[in-house]
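Take a walk through this structure, one contact at a time. Keep the sequence and the 3D view side by side as you read.

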Amino acid sequence: MKNVYLFNNGRIQRKDSTIYLVFEDGTKKTLPIENTENLHVFAEMDFNTPFLNLMNQKDVNIHFYNYYGYYSGSYTPRRKKVAGFVDVQQAAHVLDLNKRLYIAQQFVYSAIHHMLRNIRRYKDEVEPFIHEITQLKKQVADATDIQTLMGIEGKIRFTYYQCFNAIIKNPDFQFTKREKRPPTNPINALISFGNSLMYTAVLSEMYKTQLNPTISYLHEPGSRRFSLSLDIAEIFKPLLMDNLIFMLINKKMIRAEHFEYIEEHICLLNETGRKIFIAEFEKRMSTTIKHRKLNRQTSYRFLIRLECYKLIKHLIGDEDYKALKAWW
Amino acid sequence: MQWDDLKANGLQVQYLKVCERKLWLHSHQLGFEDEDDKVQQGKVLHDTSYQRQKSKEVLIENLIRIDMMDKHYVGEVKSSSKMEQADKAQILYYLFVLEQMGIYRKGKIHYPKEKRVDEIELTEEDREAIPKWLAQIQQIIQLDKPPKKKKLRYCTKCAYYSFCWVGEEE
């Protein structure tokens, strides 16, 4: 199953059961719907409802990104995986603060584990930060409300970001502080773009399970549309995305020329840059590791699904949720 | 027997014989069959076998979906005979439901890939056993948690394998 990314403006046409992509320059391509799972639209495209109906039939999600490459929304086919029982349990675990805290703490522990895993390789240079994160980690267990937990997580992330300059030895990608909207320099632009991809990747896997993406534990449910996707993305951002960013910069695959500036202070990855980033992201998502419990080759993408499964098991009282901690 | 309280569908009877945990999960809308290659292959086999047969897919009482039915037999298509006992239970249950409605048939299980057809008849023993299966199904699906997982020889082939066996080591 594939993820298809569209960068060129044009029209999407359906003729019977075939989808044609007709681009502005007159080129015409067919879209292989049978093995497409997600369509990511980064360009300006026109389309009509017969197209959407076919996407519904073939279970293809369509994700839209705005001009800046930010995630703006999705068209997802009618949910086929629904389980009232899971919905009820999911909500029950939000309403009970202790139950909610347990799950939220698991997400934070996993994120910390993966952050430390990334920076430990540069131990000599970042020792004080490792120490600081290890100290802060002890407070996670004592947090008695979500706000405090979020605060600790924020401090840890701040400390973690301070290690970036030791890992990325390139003055073009100097990290000073995290800026989200809008990013003003290349490193922030990369992090923001990466987060968008991670978020949709988690959401797509979640749609294959019975989890309701609006009911979340670490992030406030309802504060953003699919906040459970943000929760689970916390686990995978440092494990998968940050590493990828370091690699792209250190191997000089992404360079200063891959960014453009709007009104002088909004920094964005340009089309070439996005293509390089996405190609490497897809490569990493399909990389497999041998799962020690399942004893099976498992892709990073499937690890996201497994995280959803473990959460369901917790919610229905089957097995306590322990978030992923990369062991390899 | 209060028939209405004991109603089950054919798959539930099959799952009872395969794995009680699968029965519970499936009955709580936790299905994992959609993305499973083996299940998809089974669907294709089902759709492509016996295309000349006139009465394919008969739905009875909004409850059981019989693959094929004629004047003498009801037929069910399966891709392998590995779950022979469970398949047999499923078709016995169909025969039983039909009998309650005054329809008398014999059963056939088709394993087209193995070029094998098993004939099945409802016995007096079955007529006594089936209500007990149904009671068992009710008992299992009313548990407030899924039954604990058990390692069975066919776990790795099951669509629920990843769900059941994923976990973390401390």
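B:Glu99 is buried, with a relative accessibility of 18%. Buried stands for under 20% relative accessible area, exposed for over 50%, and partly exposed for what lies in between (1.4 Å probe, protein chains only). The model is a predicted one: local features need pLDDT of at least 70, side-chain atom pairs count only at pLDDT 80 or more, and totals for chains, interfaces and linings use all residues. Residues are numbered from 1 along each chain as its sequence is written, chains are lettered from A and ligands numbered from 1 in the order in which they are written, and side-chain values use heavy atoms, with hydrogens and water left out.

B:Glu99 has a partner. B:Arg127 forms a salt bridge with B:Glu99, and their closest N and O atoms are 2.7 Å apart. A salt bridge here is a side-chain nitrogen of Lys or Arg within 4 Å of a carboxyl oxygen of Asp or Glu. B:Arg127 sits in helix α6 (residues 124-141) of chain B and B:Glu99 in helix α5 (residues 84-100) of chain B, so the pair ties together parts 28 residues apart in sequence. Helices (H or I, at least four residues) and strands (E, at least two) are DSSP runs, numbered from the N terminus. At 26% relative accessibility, B:Arg127 counts as partly exposed.

Stay on helix α6 of chain B, where B:Lys132 also lies. Is B:Lys132 buried or exposed? B:Lys132 is exposed, at a relative accessible area of 55%. B:Lys132 and B:Leu6 are 126 residues apart in sequence, while their C-alpha atoms are 9.5 Å apart in space.

Now turn to chain A. A:Arg157 and A:Glu153 join their side chains in a salt bridge (3.1 Å, N to O). The two are four residues apart in helix α5 (residues 146-161) of chain A, so about one helical turn separates them. Both A:Arg157 and A:Glu153 are buried. Over all chains, the count of salt bridges comes to 27.

Next comes helix α9 (residues 271-286) of chain A. Its 16 residues should span 22 Å at 1.5 Å a residue, and its end C-alpha atoms are 23 Å apart, which agrees. The expected span is 1.5 Å times one less than the number of residues. At the start of α9(A), a side-chain oxygen of A:Asn270 comes to within 3.2 Å of the backbone nitrogen of A:Thr272. The buried residues of α9(A) include A:Gly273, A:Phe277, A:Ile278, A:Phe281 and A:Met285. What do the buried residues of α9(A) pack against? Their partners in chain A are β1 (2-6), α7 (186-206), α8 (227-250), β10 (266-269), β12 (296-299) and α10.

At 6% relative accessibility, A:Asp318 counts as buried. Leaving aside neighbours within four places in sequence, A:Asp318 is in contact (heavy atoms within 4.5 Å) with A:Lys313, B:Arg21, B:Pro146 and B:Lys148. The side chains of A:Asp318 and B:Arg21 form a salt bridge (2.6 Å, N to O). A:Asp318 lies after α10 of chain A and B:Arg21 in helix α3 of chain B, so the pair joins two chains. B:Arg21 is buried, as is A:Asp318.

That pair leads into the interface. How many residues does each chain bring to the contact? Chain B gives 26 residues and chain A gives 29 residues. The area buried between the chains is about 2,500 Å², and carbon and sulfur atoms give 51% of this area. Buried area is the accessible area (1.4 Å probe) that two parts lose on being put together, summed over both. B:Val166, B:Glu168 and B:Glu169 supply 26% of the area that chain B buries against chain A, more than any other three residues.

B:Glu169 also meets A:Arg292 in a salt bridge between side chains (3.5 Å, N to O). Across the interface of chain B and chain A there are five salt bridges. On the side of chain B that touches chain A, α3 (20-27) and α7 (161-165) of chain B each supply at least two residues. The largest share, five residues, comes from α7(B). By class, that side of chain B has ten nonpolar, six polar and ten charged residues.

Notes: Nonpolar A, V, L, I, M, F, W, Y, C, P; charged D, E, K, R; others polar. Polar contact = N/O pair within 3.5 Å; in protein donor to acceptor, adjacent residues only side chain to side chain.
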